Amino acid sequence: MEQGTVRNIKTSKTVVLGATGMVGAHLTARLLLEGCRNIVLPVRSRKHLPRLQRVLRYHGIEGIESDGLQIAETPYYNSAALAALIDGADAVFHCAAAISAPPGRSQRMIADNVAVTHAVTEACLRAGAGRLVYVSSVAALGIPEAGKATDEDTAFQSLAGRSPYSVSKFYSENEVWRAHADGLDVTVANPAVILGYGDWHTHNTPRLFRMIYKGLPFAASGEVGYVSAGDVARALVVLATEGSNVSGQRFVLSNEQLTYRALFSQMAEALQVKPPRWVLPDSLLKRAARCADTLERWGIRCSIDRNMLESVTKRLRYDGRRITEQTPFRYTPLKEDIAAMGRQFRIDFARR
């Protein structure tokens, strides 16, 4: 297909890598709701398919037995195998990446995320994919001047002090832009912190609901940008179907800025429990970060790592307006999504 033409997502072949992760699962649901009936899901292991099934049912879809889903177990490092699955695809969504690693394995996580992205881009080039939509992160962008928000033009200046996940996304993006230079039509999405329904025990932000439901009396002092998984999924479909106005560009996806206390209070309201009463001082969290760093060097894994403890004291602002200025996409009020997740949490835990 000619680069820059508008895709008909309903009739085209679409490939989603990472469909058992939170973003990939919500994207798969969105595609089915849009009427797509030729969706290929390469998965590394079928054992994680219940995560996808849970999200599909959240969106009112029967499950992985739905018409239009073709599941293929395949290693993501094998570009030849991926190319065979991608062959004839109009849109390829790359949502697969590890977001954390056990102590001592950070470099392995970085190498794995980059290697998978390299294999995916090579497969897309080999198969002649129509467009690759890559799900990156605001963590792959730079740190702006004081008082300014991070946007698509905030360049990544240094690896010093960046988390392993941030480094992996930066290098993975380099693979995507290299493929673009070689002729692949690409668009990159850089979501802020993603809030979405998923596995309440393993997915990061759904796990917050469980913590608040059990009673979380405090919050950190920081502030960050948020976007719902449903909005990310809708945005990705828009970025796959728009024309040359999005080709070769990146788009920050950030809906609302909230302090942690404000976020936790909205979650508590949705869960019908008490909100946090106190804000932890930055000095305490920074000391905890140093302790976590020491324990990690000793090979002891903490439930919350140093990078997380440091990040929650920061005021990180993101500008997600470009996608609304260049495409028909519009964000959903975040409070509506939080309320829906809270209702589902209460339903899920009432069954136990």
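Two strands are taken to pair if DSSP finds at least two bridges between them. In this predicted model, strand β9 (residues 223–228) meets that criterion with β11, as four bridges join the two. The strands β9 and β11 run antiparallel. Within this pairing, Tyr226 stands opposite Glu256 in β11.

The β9–β11 pair belongs to an open sheet of three strands, ordered β7-β9-β11. Pairing in this sheet is mixed. Strands β7 (193–195) and β11 (256–259) are at the edges, and each has a single partner strand, so one side of each lacks a neighbour in the sheet. On average, neighbouring strands of the sheet are turned by 50° against each other, direction ignored. Helix α8 (residues 260–271) packs on this sheet. Contacts of α8 extend to β7, β9 and β11. The direction of α8 makes about 95° with that of β11.

Ser228 is located in strand β9. Its relative accessible area is 2%, below the 20% limit, so Ser228 counts as buried. The side chain of Ser228 reaches the backbone nitrogen of Asp231 at 3.0 Å. With residues up to four places away in sequence left out, Ser228 touches Ile194, Leu195, Leu334 and Asp337.

Helix α7 (residues 229–241) comprises 13 residues. From the first C-alpha to the last, α7 reaches 19 Å, close to the 18 Å expected at 1.5 Å a residue. The helix is mostly covered, with 11 of its 13 residues buried. Among the buried residues of α7 are Ala229, Asp231, Val232 and Leu236. Val237, Val238 and Leu239 are also buried in this helix.

Strand β1 (residues 14–17) pairs with β4 in the parallel sense, over four bridges. Val15 stands opposite Val92 in β4. Strands β4 and β5 also run parallel, joined by four bridges. Here Val92 stands opposite Leu132 in β5, and Ala91 has Arg131 as its bridge partner in β5. Strand β5 in turn pairs with β6 (residues 186–191), again in the parallel sense and over four bridges. Val135 stands opposite Ala189 in β6.

Strand β4 (residues 91–94) is covered on both faces. Ala91 and Phe93 are buried on one side, and Val92 and His94 on the other. Both faces of β5 are covered as well. Arg131, Val133 and Val135 are buried on one side of β5, and Leu132 and Tyr134 on the other. Five of the five residues of β5 are buried, so the strand is largely enclosed by the rest of the structure.

Arg131 lies in strand β5. With a relative accessible area of 0%, Arg131 is buried. The side chains of Arg131 and Asp185 are joined by a polar contact of 3.2 Å.

Aromatic pairs were examined next. A pair of aromatic rings is described by the distance of the centres and the angle of the planes. The structure holds 11 aromatic pairs. In one of them, the ring centres of Phe156 and Phe170 are 4.3 Å apart and the planes lie at 25°, so this pair is stacked. Phe156 lies in the loop between β5 (131–135) and α5 (164–181), whereas Phe170 lies in helix α5, so the pair ties together parts that are 14 residues apart in sequence. Phe156 is buried, with a relative accessible area of 15%. Phe170 has a relative accessibility of 21% and counts as partly exposed.

Trp200 and Phe345 form an edge-to-face aromatic pair. The distance is 4.9 Å centre to centre, and the angle between the planes is 80°. Trp200 lies in the loop between β7 and α6 (204–215), and Phe345 lies in helix α12 (residues 334–350), so the pair ties together parts that are 145 residues apart in sequence. Trp200 and Phe345 are both buried. Both residues also belong to one aromatic cluster, formed by Tyr58, Tyr197, Trp200, Phe209, Tyr213, Phe345 and Phe349.

Key: Residues numbered from 1 in each chain as written. Predicted model: local features only at pLDDT ≥ 70, side-chain atom pairs only at ≥ 80, totals over all residues. Heavy atoms only, no water. Axes fitted to C-alpha atoms, helices over the stretch in contact; angles between N-to-C directions. Contact = heavy atoms within 4.5 Å. Phe/Tyr/Trp six-rings, centres within 6.5 Å; stacked < 30°, edge-to-face > 60°. Buried < 20%, exposed > 50% of the residue type's maximum accessible area, 1.4 Å probe, protein only. Polar contact = N/O pair within 3.5 Å; in protein donor to acceptor, adjacent residues only side chain to side chain. Expected span 1.5 Å × (residues − 1).
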